Amino acid sequence: MSSSVSYRLCVLDPQAHLFEVTVTVAQPAAVGQVLRLPAWIPGSYMVREFARHIVQISASSGKKAVALTKLDKHSWQAAPVKGELTVRYQVYAYDLSVRGAYLDANRGFYNGTSVFLSADGFENDPCTVDIDAPASKALSDWQVATSLPALDVHKKSGFGRYRAANYDELIDHPVELGRFQRITFKACGVPHEFVVSGVCQADLKRLAADTKRICEWQIRFFGEPAPFDRYVFMLFVGADIYGGLEHRASTALVANRDDLPAPGLAEGEIGDGYLRLLGLISHEYFHSWNVKRMKPAVFTPYDLNREGHTTLLWAFEGITSYYDDLALVRSGLIDEKRYLGLLAKTITGVMRGNGRTKQTLADSSFDAWTKYYRQDENSPNSIVSYYTKGSLAALALDLHIRHETGGAKSLDTVMLALWQKWLADGQGLAEGEWEQVAEQATGLKLGQFFDKAIRSTQDLPLAELLATQGVSLQMVPSDSPADSGSVVDSIQPAAVRPTFGVKAAADTLGVRLLQVLDGGAAQAAGLSGGDVIVAVNGLKASDLDKAIARHQVGDAVKVHAFRRDELATYKVTLQATQADTCRLSLAPGAAAWIKQ
């Protein structure tokens, strides 16, 4: 395979967190080759300005320097040359998230969108990338993990030359470098790798076995064969981190090291942390079908220079969020009651945000670039998540279809129809096309459902729909500040507690208000997000719930708080906790849809 564009990446200085990248264009544009770095990465809908991390950049042709002119924030144009053009640059890599690039003396990681300039006019041409082994003897035991197709690599370490059919493929295979633990398994005959970096003690055989069950259920759900020849999970573990980003044949994950299964964990035992990790794995793997292949038309192809707006993120992220937990129960990792517990928490989380009464799911999808990914202290009052409410809309749609068709069809029917459509034409979905396919697949008129669930701010009729499956839902006041919803044998009335109506965190001075909720006691008293409460009724503030535990609804408390460097006094009249906590109860033998 000849390459009109070739790349080379090396570890330049781990202590300074610098990669060095060269890109060589064999036959550059006669008027001067333009090169660009993406402004955002697919799957994370915010312009992130990756080019700000380019530290130095220069160009040459043969032994002669070539002038570079910067055209905008992420584009350069080289002066015209005869012969090949080579551009060399350094990338500062110290972003521990799954979206960027990272390098230190212990580990390296990068997404192609952070490090590889595209060459205008050659985006659809095949390319190669040489990943060089570090020159330092201290890093001589480093290895490479990636789903990029190998062309000529060292069998043990993985360093060497890789290939990509085009630039889009090049940037859709992240790379993990360093010392890591690796375990392999096959799911429906497809080789899978699980690579874990970071300090941890874990039962990786258990992790691989449980992940295999998830993968096999999802492959069989959409139908064999899987849409990839091999798949790589790349997990970095640390403290207080969580997230994932999907790719066509791999996923990058970060999670708390304590969420990994501990050695000696009893068979079938899954703690809350491990369950959260399995849910993340399930979510990103499901994206292999739902968004990496089936996707909005605006993403086919991606324009990584600017925002790509769509009203359909609820269908690709929300529905994926619905199936990620369903896959856990349908693959036999958890039972129906554990699943309903997860559902109760999701319902509670959505109902506790007033943003659901102000923003539709369609608008939430469209405005992801400026609202969901740029949240502030007022976000719970102004936006709704297309992930969480989107998953509830998927649940509602699933139950609605099942009820209207007497159980003959479901959301599964729609997803399989969408997959068959993609296999047939490989095209993205126009803004109204998802709903058209749903109607065709089910034989139902669903316009009224979508108008209410997606294009209005009405609450979803979950209680009525769940009742058709033998599940009772009731919203009640929380039992305690830690109560985020649950499954119960019978729903009992809860005692009413006083509340400030805030989300807060500890601060060196007292308690910092992260968010002040609409209509709550703190907002009515004049407190705002960012204020730091230092005293309640003359006593140092460290825990607001404890500070008001002996008070009654309607009591007035005196609060001293800093706003910036100004101290003020507020009179807060405590309000009653709202009926915003979900209780689900399951009738014996009911909810067959969960495992169907």
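Mentor: Two strands count as paired if DSSP finds at least two bridges between them. Keep in mind that this is a predicted model.

Trainee: What makes strand 18 and strand 19 a pair?

Mentor: Strand 18 (residues 190-197) and strand 19 share six bridges in the parallel sense. The cut-off is at least two bridges, so they are a pair. Within that pairing, Val196 lies opposite Leu235 of strand 19. Between the two strands the chain passes through helix 3 (residues 204-222), and this β-α-β crossover is left-handed.

Trainee: Which bridges join strand 19 to strand 21?

Mentor: Seven bridges in the parallel sense link strand 19 and strand 21 (residues 250-256). Here Val237 stands opposite Ala255 of strand 21.

Trainee: Why is strand 19 called largely enclosed?

Mentor: Buried means under 20% relative accessible area. Eight of the eight residues of strand 19 (residues 231-238) are buried, so the rest of the structure largely encloses this strand. Both faces are covered. Tyr231, Phe233, Leu235 and Val237 are buried on one side, and Val232, Met234, Phe236 and Gly238 on the other.

Trainee: Which residues make the contact?

Mentor: Among them are Trp314, Ile319 and Arg330 in helix 5, and Leu395, Asp398 and Arg402 in helix 9. The contact residues divide into five nonpolar, four polar and three charged.

Technical notes: Residues are numbered from 1 along each chain as its sequence is written. This is a predicted model: local features need pLDDT of at least 70, side-chain atom pairs count only at pLDDT 80 or more; totals for chains, interfaces and linings use all residues. Side-chain values use heavy atoms; hydrogens and water are left out. Buried means under 20% relative accessible area, exposed over 50%, partly exposed in between (1.4 Å probe, protein chains only). Helices (H or I, at least four residues) and strands (E, at least two) are DSSP runs, numbered from the N terminus. A crossover is right-handed if, with the strands pointing away from the viewer, the path from the first strand over the helix to the second runs clockwise. Contact means heavy atoms within 4.5 Å. Ala, Val, Leu, Ile, Met, Phe, Trp, Tyr, Cys and Pro count as nonpolar, Asp, Glu, Lys and Arg as charged, and the others, Gly among them, as polar.
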